[in-house]
Amino acid sequence: MNASIRLAGPIALGCCLLAGCAVGLGAHPLTHAQAQAVQPRPAPDVAQTVEGMTSLVVRVPIDAPPEQVWQQLAVRYGDVHQWSGPIADSGMEAGHTEGRSGAVRSCTLGPDSPIGKGETFSETILQWDPARRFFAAGVDDGFYPMRKVVQEYWVDAGPNGGTVVTTQFHFDLSFPMGKGTRLVSRLRPQVVTSLLGLKHLVERGDAQRAQDAQFLRRTYPAVYRDNEVG
């Protein structure tokens, strides 16, 4: 998420009083059509349409076997802080040990997060298909103005060996922020950077640099270009 969508204090307070501050799937469950749209299926080439949400798709190659990538990304669902720079800390919630359907993790945003610094939120795996190496997770709570957030992941064998990770990020903003289509160009670089952290960790075993956005920009410029990020 991007700092530019944060409202000034009095304005944000007024919006909350008018529209309610409740965010996340706990307060705003997916509709039937939205839930059907994130069922297991092949990875999309372009962003797909999900009723009432804005979507973007990102694709990142990783020089490692798909099963190794799946283990780090999906099975070790609670370890996202090891590779996603904005996440300062993460872990599985009580009663959950690894990725599976219904697994819940908590995440705390750190000082490098463009929005929500210090906020802690939970995410639940909504769809889990290890045979396809696909899963989808939604934010249960969160912070204004992200009303709904669902993210899908596919881990596929690459055409020339290795792995391609595809992620599709779906979001819906609270009133009066609109549909959020203007945010896609700002969100896309952050999603690319996050998956590049996964790439760097899996390929190099270097968790510190995996969370360094400037290092990733310098090291993997072609991946940004391939995802239409200048």
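Tutor: Let's begin with contacts, meaning heavy atoms within 4.5 Å. Among contacts in the protein between residues at least 6 apart in sequence, 58% join residues at least 24 apart. Keep in mind that this is a predicted model, where local features need pLDDT of at least 70 and side-chain atom pairs count only at pLDDT 80 or more, while totals for chains, interfaces and linings use all residues. Residues are numbered from 1 along each chain as its sequence is written, and side-chain values use heavy atoms, with hydrogens and water left out.

Student: How many helices and strands does the protein have?

Tutor: Helices (H or I, at least four residues) and strands (E, at least two) are DSSP runs, numbered from the N terminus. Here there are seven helices and seven strands. Along the sequence they follow the pattern α-α-β-α-β-β-β-β-β-β-α-α-α-α.

Student: What share of the residues is buried?

Tutor: Buried means under 20% relative accessible area, exposed over 50%, and partly exposed in between (1.4 Å probe, protein chains only). Of the 230 residues in the protein, 50% are buried.

Student: Which residues touch the most other members of the largest nonpolar core?

Tutor: A nonpolar core is a set of buried Ala, Val, Leu, Ile, Met, Phe, Trp, Tyr and Cys residues joined through side-chain atoms within 4.5 Å. The largest one has 47 residues, and Phe135, Phe171 and Leu198 touch the most other members. Helix H4 (residues 184-204) gives the most to this core, with nine residues. Leaving aside residues up to four places away in sequence, Leu198 touches Ile62, Val69, Gln72, Leu73, Trp83 and Val165.

Student: Why is H4 described as largely enclosed?

Tutor: H4 is largely enclosed by the rest of the structure because 16 of its 21 residues are buried. You can check its length too: the expected span of a helix is 1.5 Å times one less than its number of residues. For H4 that gives 30 Å, and its end C-alpha atoms are 30 Å apart, which agrees. Just after H4, Gly205 takes a positive phi of about 70 degrees.

Student: Which residues lie nearest the centre of the largest pocket?

Tutor: Pockets are found on a 1 Å grid over the protein atoms alone: a pocket is an open set of points where a 1.4 Å probe fits, with protein on both sides within 12 Å along at least five of seven lines, and lining residues have an atom within 4 Å of a point. The largest pocket is lined by 15 residues, and Pro86, Asp112, Gln190, Thr193 and Ala213 lie nearest its centre. H4 and helix H6 (213-219) each supply at least two residues of that lining.

Student: Which element gives the most to the lining of the second largest pocket?

Tutor: That is S1, with five residues. The lining of the second largest pocket includes Val57, Arg188 and Glu228, so you meet Glu228 again here.
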